[in-house]
Amino acid sequence: MTLTTAVAPLAAYAVFFQTAVYLSLPGPLRSRWAPTFTGLVGAAVVLASGALFGLQRIGLGAFDPLTTLGWSSGSLITTGLIGLILLSRRSWCEELADPRLTGLSS
């Protein structure tokens, strides 16, 4: 399985299905149910792929603690660095700030 054959269906899923779900839901339901629904469908796709092609072939085979530790540490560091970069820029903080928070008391 090449990288293209693994990434292309995921990219198509992310672009088309998630956009369709988001646009089809009424405004008040979007923030809660769109991510939940697309996450559940994504999990079902992964499980169906595992049943069809085998868990080892899709990369969900035997548990390897070192690989898991490496990927989780890398994800945590990357996400943390992106957050620190966003918070270090004053103009970006103001753009990302939720205006509804100004009316809240401590």
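Me: Which residues line the second largest pocket?

Reply: A pocket is an open set of points on a 1 Å grid over the protein atoms alone, where a 1.4 Å probe fits, with protein on both sides within 12 Å along at least five of seven lines; lining residues have an atom within 4 Å of a point. Here the lining consists of G59, L60, G61, A62, F63, D64, T67, T68 and W71. This is a predicted model: local features need pLDDT of at least 70 and side-chain atom pairs pLDDT 80 or more, while totals for chains, interfaces and linings use all residues. Residues are numbered from 1 along each chain as its sequence is written, and side-chain values use heavy atoms, without hydrogens and water.

Me: What is the volume of the second largest pocket, and how does its lining divide by class?

Reply: A volume is the space filled by probe spheres set on the points, which are joined across faces, edges and corners. For this pocket, the volume is about 220 Å³. Its lining comprises four nonpolar, four polar and one charged residues, where Ala, Val, Leu, Ile, Met, Phe, Trp, Tyr, Cys and Pro count as nonpolar, Asp, Glu, Lys and Arg as charged, and the others, Gly among them, as polar.

Me: How many residues line the largest pocket, and which helices contribute?

Reply: The largest pocket, with a volume of about 380 Å³, is lined by 15 residues. A6, L10, V46, S49 and I58 lie nearest its centre. Helices are DSSP runs (H or I, at least four residues), numbered from the N terminus; α1 (3–24) and α2 (27–53) each supply at least two lining residues. By class, 10 are nonpolar, four polar and one charged.
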